[in-house]
Amino acid sequence: MKGCITVNGHKIGQGITSISGYVQQTDLAMPTLTVREHLNFHAALRMDQRISPTERRERVEDVIRDLGLSNCSDVQIGDSKRKGISGGEMKRLQFGSEVLTDPPLLFCDEPTTG
């Protein structure tokens with residue numbers, strides 16, 4: 001398969017990964033982590049290393065508040081074997097994992113399903 005990646009008609013190539021995020025349709029989260037732990041883990045991995053730990057934690061708290069996850073922020077995510085957050089909370093958590101880095105472009109794979 002061949003092709004090129006363009007945005008508004010301009011070739012961007014692999015650089016798209018530095019300006020975009022992708023919210024997967026399937027839920028990919030460690031069931032034993034809490035919502036806050038999950039977001040802090042993603043912040044540590046994905047945010048610019050020049051951002052201080054305090055600023056990362058503040059960004060995580062902003063995302064939790066903005067996405068309405070405050071009531072479940074200290075609840076384990078859970079899975080089919082252990083009770084955790086609701087399906088809607090999981091969708092917002094997946095979305096929050098990507099918006100931590102504030103990408104200008106966000107791809108969402110069927111964000112309203114489930």
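Which residues does L93 touch, not counting residues up to four places away in sequence? L93 touches V35, H38, L39, L69, I77 and I85 on that count, where contact means heavy atoms within 4.5 Å.

The model shown in these views is predicted: local features need pLDDT of at least 70, side-chain atom pairs count only at pLDDT 80 or more, and totals for chains, interfaces and linings use all residues. Residues are numbered from 1 along each chain as its sequence is written, and side-chain values use heavy atoms, with hydrogens and water left out.

**View 1. The largest nonpolar core.** This core has 16 residues, and V35, L39, I85 and L93 are those with the most contacts inside it. Two or more residues come from each of α2 (35-46), α3 (53-66) and α4 (87-99). A nonpolar core is a set of buried Ala, Val, Leu, Ile, Met, Phe, Trp, Tyr and Cys residues joined through side-chain atoms within 4.5 Å. Buried means under 20% relative accessible area, exposed over 50%, and partly exposed in between (1.4 Å probe, protein chains only). Helices (H or I, at least four residues) and strands (E, at least two) are DSSP runs, numbered from the N terminus. In soluble globular proteins, nonpolar side chains tend to be buried together.

**View 2. The salt bridge between E98 and R46.** The side chains of E98 and R46 meet at 3.1 Å, N to O. E98 belongs to helix α4 and R46 to helix α2, so the pair ties together parts that are 52 residues apart in sequence. E98 is buried, at 11% relative accessible area, while R46 is partly exposed at 35%. A salt bridge is a side-chain nitrogen of Lys or Arg within 4 Å of a carboxyl oxygen of Asp or Glu.

**View 3. R65 and its partners D62 and D66.** R65 forms a salt bridge with D62, with the closest N and O atoms 3.2 Å apart. Both residues lie in helix α3, three residues apart, about one turn of the helix. R65 also meets D66 in a salt bridge, at 3.4 Å from N to O. R65 is exposed, with a relative accessible area of 51%; D62 is partly exposed at 28%, and D66 is exposed.

**View 4. The network of R36, E61 and D74.** Salt bridges link these three residues in a network. The structure holds seven salt bridges.

**View 5. Cysteines C4 and C72.** C4 is exposed, with a relative accessible area of 54%, whereas C72 is buried at 3%. The structure holds zero disulfides, a disulfide being a pair of cysteine sulfur atoms within 2.5 Å.
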